[in-house]
Amino acid sequence: MKRINDHVSVSPQIRPEDVKAIKALGFAAIVNNRPDGESPDQPEGAEIEKAAHEAGLSYHFIPLGREGVTPDMIEQTKEVLEGSAGPVFCYCRSGTRSTTLWALSQAGKAPASEIISAAAHAGYDMSHLAGHLSQK
């Protein structure tokens, strides 16, 4: 798990049995940014969703696949982050797609340099998004 800021952390793929530990760390929501079926060893999103609900966490499925980022994905991410009662845990295969959607959802809220820096401190290079992050 990589912490971007006090409100958002990202991670590579999780398993249903990881959800209790995520809850114990104080997270209020899980965002799944990985489409189902990318890898044969990947648990289905429905399994993670069930574990999240059993643990008292909200669960959001905002898959980012080969078709790329859409404005709707960015808006959904923004809504989840702004509407969460506590810290949000986002995951995909490596954490990069989750970081990308977080960064794009922050465009206009903070300077591009701050968004890129926060992502870099978590180990993700979002410098290629600088032009998009400078727009509102």
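In what order do the five strands of the open sheet lie?

**View 1. The open sheet of the predicted model.** In this predicted model, the five strands of the open sheet follow the order S1-S2-S5-S3-S4, and their pairing is mixed. Strands of a sheet pair through backbone hydrogen bonds, which may be either parallel or antiparallel. At the edges lie strand S1 (2–3) and strand S4 (58–61), each of which pairs on one side only.

**View 2. Strands S3 and S4, with helix H2 against the sheet.** S3 and S4 run parallel and are joined by four bridges, and Phe 61 in S4 is the bridge partner of Asn 32. Helix H2 (residues 45–55) packs on the sheet, where it touches S3, S4 and S5, and the direction of H2 makes about 160° with that of S4.

**View 3. The largest nonpolar core.** This core has 27 residues, of which Ile 4, Val 88, Trp 102, Ala 103 and Leu 133 touch the most other members. Two or more residues each are given to this core by strand S2 (8–11), strand S3 (29–32), helix H3 (71–83), strand S5 (88–91), helix H4 (96–105) and helix H5 (112–121), and the largest share, five residues, comes from H5.

Definitions and conventions: Residues are numbered from 1 along each chain as its sequence is written. This is a predicted model: local features need pLDDT of at least 70, side-chain atom pairs count only at pLDDT 80 or more; totals for chains, interfaces and linings use all residues. Side-chain values use heavy atoms; hydrogens and water are left out. A nonpolar core is a set of buried Ala, Val, Leu, Ile, Met, Phe, Trp, Tyr and Cys residues joined through side-chain atoms within 4.5 Å. Buried means under 20% relative accessible area, exposed over 50%, partly exposed in between (1.4 Å probe, protein chains only). Two strands pair if DSSP finds at least two bridges between them. Contact means heavy atoms within 4.5 Å. Axes are lines fitted to C-alpha atoms, for helices over the stretch in contact, and angles run from 0 to 180 degrees between N-to-C directions.
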